[in-house]
Amino acid sequence: MDVICRRKGDRTIKKWYRVQKLKAIFVLALAIVFTNAVVSYSNTVKLIHNQEWVTSSYEVITQVEKIQSTLKDTETAQRNYLITVDADDLKTYLAADQQTNRNIQILRKLTANNHQKQQWISLLEPKITSRLDILQQEIYLRQNQGFEAVKKRILSDKDNQSSKEIQQLIHDSLEVEQNLLHQGMQQSQANSQKAVVTFFIAAIVDLVLVALLYDLLWHYIRQLQQTELALRQSENRLRAMIDAEPECIKLIAKDGTLLEINAEGLAMMEVESADVLIGKPIDAVIVPEYRAAFANLHKSICQGNKGTLEFEIVGFKGTRRYMESHAVPLRNESDGTFIHLALMRDITQQKHAEQKIREQGLLLDVSTEGIIVRNIHNQILFWNQGAERLYGWKAEEVVGNNVLQLLYKDISPQLEDAYLKVINTGEWRGELHQLTKEGRVIIVESRWILIRDDNGQTKSILSVNTEITQQKQLEAQLLRSQRLESIGTLAGGIVHDLNNILSPILMSVQILQKKLPDSESQQILQTLENNVKRGANLLKQVLSFARGIEGKRTIVQIQPLMAEMEQIIAQTFPKSIICQVDIPKNLWDVRGDTTQIHQVLINLVVNARDAMPNGGILRIAAENLVIGEHSAQINIDAKVGSYIAIVVTDTGMGMSLEVQQRIFEPFFTTKEVGKGTGLGLSTALGIVKNHGGFVNVYSQVGRGTQFTVYLPASTFRNTHLMSQELESVTGNG
């Protein structure tokens, strides 16, 4: 089907190119014809213009010659009258005089658009007028004074000079005008020759163009004939291929009646001939509850849209089938509307399989474990409700995503080994660290099973995950407690031995101080005594950690201790550290050693100070807290009851997970040599445990650390306070 469509598309493209080629040649022909017309018109205009110019020049020459001739006739008639005094000669003179004026006016009109000639006429006309005035004066002189007086006037230089100037002007004008006339005639002849040549060239081009168009049209007609033949053959082949298509193909009219259907469609409808269906409403075989949806799809397709629909049909023999229809609009070339082309396939088996999968999915969702199915490209295919509860993501949020990018920070060697083992052996079991939607790291016990298709090819991997984060945390706490207990036992024995070593040294130093009174010896012995006492204090801290030295237990109020901590911080800590203290007034009391609790707080705030070398915020808070069964199960050292939670938070450099796991070990420190013994937190932990409490730590690198110390509240004092509060409330009531 795709091949047929591509071939049809190729034929359409070729036809389009041929049409465009013919259009281009037609436009070219029009352009050439238009160009020829423009050139011919231009040449004709030039010829007419030259002809008018030559005619105008000829008329000017003729008129100038007439002026010259008339002026000559005027002078001749005037001379004859002067000699003969004949009245006829006088009439001839007067007529010639009037004709001269008329000729000058005619010449002025002929040269009205020529400024240069107008100037020449303006120069000539006064001279002629002057000459005519002279002739008139001579006639007047002849009539009044006689011939001799006129003769004398005629022989004067003034009379001859005026006539010569007029003749010279006329002669020069005629010579110039004759030259222009000659040039115009030559230009007109050249334009005529050019027009003739252009005409013949245009005629040849037009003939060639007509021949080319004829040839192209002849080839195009032949191609149309061949295309029509090929189209008929292609339609026959297309019909055969459509009938061989294993899916139902329908062509539906805008009114919902069937126009065409292939052989597979007839088989699905359970009829033998298309005549039974052609022209009938297509929705007759559709199950009633799907007819409205199909009508909406058909309406959308006839508006030029694409669409897909799943529905159920009933064949003419009663067989029910689920159909999936992929519909596209097909333009009707006759009126520009759209008809409905549908490609339908039978999805009955697929529907039954999906129903089984849904039933199996319901069984999987009942499981409390996280069940995940992914393909060999690690894309999530299935995510049950147990996985939703475990990780926090809904199934629609993760299906199609990469499981490695979703649940893991990075690809660990353990993860790579697990993938290789499940591919090679088909199964893997182990523990993995994964991420939840909130970014929390959890530990899961995971079992991977490889799933193969019918051909034995790797298809997907099924993972069943059970969270064991709390279990692993309790195991870690138990192991740490056992390790610290072992270290404490060992440290206790070492402290006794070291005390036995330091005691004689201290006694010897005190004796030497009495026997060596000089200042230099005293200074040396004082330094030695200070170092011995410092070592003894260090051993005292170790012993306090190891054996939990018991002090005097009393009712301790936390508020005064916190106020003292705030004062120490304000007086001794750098000003770049801002201290914030938040202690409620109704805070419970604890039963314990005030000095030891003070030591715990001092260790925590000093560590917070050292974690903020560039300054920051140190926050100390406390609150009353009741720990229930669930919280007691999470922390191995916690018990059900009332506690006071003291929280020390800094905004310092924070600690990595590896460092957090070792901070309570004796002699472990991250500080520089000489700036820390590594006993502060281990001693603090020992004191808190001796008081029946426990410590929690939360830290992020670069974001700070939070220590929370939980101390059991004093039962007697708290019960007494609660009774007083209850009595006051009852009395008020």
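With a relative accessibility of 40%, Leu528 counts as partly exposed (buried is under 20% relative accessible area, exposed over 50%, and partly exposed in between, with a 1.4 Å probe and protein chains only). The model is predicted, so local features require a pLDDT of at least 70 and side-chain atom pairs a pLDDT of 80 or more, whereas totals for chains, interfaces and linings use all residues. Residues are numbered from 1 along each chain as its sequence is written, and side-chain values use heavy atoms, leaving out hydrogens and water.

Leu528 lies in helix α14 (residues 519–547), where helices (H or I, at least four residues) and strands (E, at least two) are DSSP runs numbered from the N terminus. Together with Ile494, Leu498, Ile501 and Ile505, Leu528 forms a nonpolar surface patch with about 390 Å² of accessible area in total. Helix α13 (residues 469–515) supplies the largest share of this patch, namely four residues. Patches comprise residues with over 30% relative accessible area and no salt bridge, like charges being joined within 9 Å and nonpolar side chains (Val, Leu, Ile, Met, Phe, Trp, Tyr) within 5 Å; a salt bridge places a side-chain nitrogen of Lys or Arg within 4 Å of a carboxyl oxygen of Asp or Glu. Accessible areas follow the Shrake-Rupley method with a 1.4 Å probe, and for residues only the protein chains shown count as cover.

Helix α12 (residues 413–425) contains 13 residues and spans 18 Å from its first C-alpha to its last, close to the 18 Å expected at 1.5 Å a residue (1.5 Å times one less than the number of residues). Its buried residues are Leu415, Ala418 and Val422. Viewed down the axis of α12, these buried residues fall within an arc of 55° and therefore line one face of the helix; the arc is that of the directions from the helix axis to the C-beta atoms. Their cover includes α11 (403–407), β8 (427–435), β9 (441–452) and β10 (458–467), with contact meaning heavy atoms within 4.5 Å. The face turned away from the buried side of α12 bears the exposed residues Pro413, Asn424 and Thr425. Just after α12, Gly426 adopts a positive phi of about 90°.

Most residues other than glycine have a negative phi. Glu270, however, has a positive phi near 65°; Glu270 is located in the loop between α6 (263–269) and α7 (288–302) and counts as buried at 17% relative accessibility. Asn378 likewise has a positive phi, near 70°. Asn378 occupies the loop between β6 (370–375) and β7 (380–383) and is buried, with a relative accessible area of 11%.
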